[in-house]
Amino acid sequence: MKVECKFKGIFYRESPTRLGTSISLAELLREVEAVATQTQRRTPRLLRESFGLDFLPNSVLIELLKQFHQVTDENELYQFSGLQILNPQVSRNLPPPQFYEYRFVSYGEEAQFSLQPDDRQIPIFPYQESQQEGIYTLILNSDRHPNLSPQLSENIWKEAVRTWKNLEDSAKIDYFLTSISDTARVTFSPQLLLMVELAELSPSLQQAIQFLQKREDQPPEDIANLVEQYRCDRQIQISHFPDHLQPKSSFTLAKKFIIKRKYKNYITQIIDKSEDFLLISSYIIEAEDVVEMICKKSEQLSQGVWIITDLRDEVIDRIDSQVESRQQLPISYQNSDQNKVRCLRRLLEINSNKLKIRSGKFHLKTCISEQYGYLGSCNLTPGSLNRNLESGMIWRNTPLHSQLIQTFGHFWDNHTQDDLIGSGNVLTLRCIPRPSQPQIISNSQLLNPRQYYQDLLNELGEFRGNIVIISRSFRPTPELRELLKLSKTQVYIDSQMNSQDADFKIKSINYCHAKITLLQGKLAYVGGINFNFSRRSFDLHDLMYKTTDLQEIKEILNSLTNQEN
């Protein structure tokens with residue numbers, strides 16, 4: 001058990017007793033080069049990335065290095081000019097730096113202590129300022145802490161123990177099931193947070209939590225009362241996918257392959273024209289305008305909106321405000337996470353009878369209604385909708401439209417892992433029961449990653465001809481590589497990916513996110529699976545549509561040719 005204590009107070013900064021000797025910019029840069037020599041980071045790019053010099057444009061850094069080394073030709077800076085590896089430098093043993101001294105005093109003065117200069121809780125001090133208001137967090141592992149008086153730390157610890165002891169078992173279970181780790185976090189005052197590890201619970205409580213995390217229906221007899229009491233207290237309702245959803249039979253049968261940039265019109269048209277239901281799966285959800293459109297449409301749909309996305313720990317860790325610490329990310333990632341938060345919170349504002357969200361290991365991209373069924377590569381992100389090269393199939397009142405609805409329902413009932421729950425600023429995942437023996441469905445035209453890979457091996461073993469592969473990345477297994485080498489294979493990948501491959505002709509396309517494999521004159525695959533096969537990719541739930549219809553294959557090839565032109 002631990003207790004997190006937040007104290008409001010004043011941070012004080014005091015000048016060191018002995019000031020260090022000042023050094024010139026030239027000496028500092030030379031020292032940086034010496035460290036770069038020791039750590040094998042001797043290029044201008046690595047200097048900028050590794051030593052906090054990224055505020056300098058590369059050209060400015062080069063000019064500074066030329067001045068400090070008194071050379072006029074840039075090549076004279078390098079030991080190996082072709083690789084831009086700088087000449088090695090030796091440290092001049094600069095005097096050790098002197099740091100400010102810091103201390104913190106809480107407003108009630110019940111907590112006051114010195115701080116190390118590298119303490120991450122110290123705020124940024126404006127120039128020449130010596131005091132800053134702020135909050136300092138201490139962690140208690142027992143009823144004593146060196147920075148608190150014995151009486152205060154003992155009172156805090158007793159209150160934490162009493163709070164946990166007074167909780168009902170079902171409440172304790174719920175704290176763990178809505179946690180993103182094996183630690184329950186219980187706020188028992190605005191300044192105090194209790195943290196309890198799963199291993200600290202009684203064996204029966206641990207077993208009940210582990211059973212509920214497995215998402216099974218029937219608990220063992222020895223923990224049945226705990227499980228049933230929890231389900232009763234929390235009024236947990238499992239949203240089973242309705243088995244009567246079907247395409248609207250009055251529409252003319254149609255199907256269409258689409259590859260293009262600016263995919264937004266196709267997705268928003270499906271959403272706008274839906275009348276009964278919407279089934280959406282997107283690996284990432286960041287497009288706020290489309291999310292708003294979905295929210296408004298949900299109020300009009302008799303069968304509601306069903307959304308599957310991927311919100312595993314690495315995502316929740318960044319966007320959930322209950323997480324204790326966050327990894328520093330580039331600005332573009334931070335903006336992306338902020339968009340995710342806004343989108344998810346907006347979706348959670350809708351009544352759960354009208355809009356349901358589940359998470360799991362999904363890379364699937366679908367947008368399905370009673371009028372249209374889309375399967376492809378397009379996520380609900382601004383990049384996918386407005387910029388990327390995306391591809392996919394749209395069916396209307398065809399057998400594949402119906403099968404896509406059925407497959408989405410199978411994923412919902414058998415392979416989703418958590419319900420997304422919002423409460424204030426906290427986003428949590430509540431694990432859900434699911435069958436101990438999931439139903440298995442088989443479809444010769446809608447292939448999961450393993451089926452797609454095995455089908456490729458079988459088909460390529462008998463094929464010799466022209467092959468076109470479009471994928472964000474290209475990493476065939478050794479077995480696939482040997483089979484692809486037997487045919488004339490052209491590969492297109494995103495320009496940000498490595499395009500060097502001795503065996504294949506690879507062309508780069510800016511913002512390529514489409515996923516297509518075409519064996520000309522024989523078959524085509526279209527969907528959301530990259531040509532990048534690994535154990536991790538096999539664990540993801542995703543689909544590729546396989547067609548052997550020669551007319552459809554010809555239409556796909558013509559679309560690819562037009563796109564290239």
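Modeller: Buried means a relative accessible area under 20%, exposed means over 50%, and partly exposed is in between (1.4 Å probe, protein chains only). This is a predicted model, where local features need pLDDT of at least 70, side-chain atom pairs count only at pLDDT 80 or more, and totals for chains, interfaces and linings use all residues. Residues are numbered from 1 along each chain as its sequence is written, and side-chain values use heavy atoms, with hydrogens and water left out.

Colleague: Thanks! Is Glu288 buried, partly exposed or exposed?

Modeller: Glu288 belongs to helix H9 (residues 288–298); helices (H or I, at least four residues) and strands (E, at least two) are DSSP runs, numbered from the N terminus. Its relative accessibility is 37%, so Glu288 counts as partly exposed.

Colleague: Leaving aside neighbours within four places in sequence, which residues is Glu288 in contact with?

Modeller: Contact means heavy atoms within 4.5 Å. With neighbours within four places in sequence set aside, the partners of Glu288 are Asn339, Arg342 and Cys343.

Colleague: Are helices H1 and H3 roughly parallel or roughly perpendicular?

Modeller: Helix H1 (residues 25–38) packs on helix H3 (residues 58–68) at an angle of about 105°, with axes 10 Å apart. Axes are lines fitted to C-alpha atoms, for helices over the stretch in contact, and angles run from 0 to 180 degrees between N-to-C directions. Angles under 35 degrees count as roughly parallel, over 145 as roughly antiparallel, 65 to 115 as roughly perpendicular and the rest as oblique. H1 and H3 are therefore roughly perpendicular.

Colleague: Which residues of H3 make that contact with H1?

Modeller: From H1, the contact takes in Leu25, Ala26, Leu29, Arg30 and Glu33. From H3, the contributors are Leu61, Leu64, Leu65 and Phe68.

Colleague: How many disulfides does a search of the whole structure find?

Modeller: A disulfide is a pair of cysteine sulfur atoms within 2.5 Å. A search of the whole structure for disulfides finds 0.

Colleague: What is the relative accessible area of Gln40?

Modeller: Gln40 is found in the loop between H1 and helix H2 (44–50). Although not a glycine, Gln40 has a positive phi of about 55°. Gln40 is exposed, and its relative accessible area is 71%.

Colleague: And Gln70, what is its phi near?

Modeller: Most residues other than glycine have a negative phi. Gln70, in the loop between H3 and strand E2 (78–80), counts as exposed at 74% relative accessibility. Its phi is positive, near 55°.
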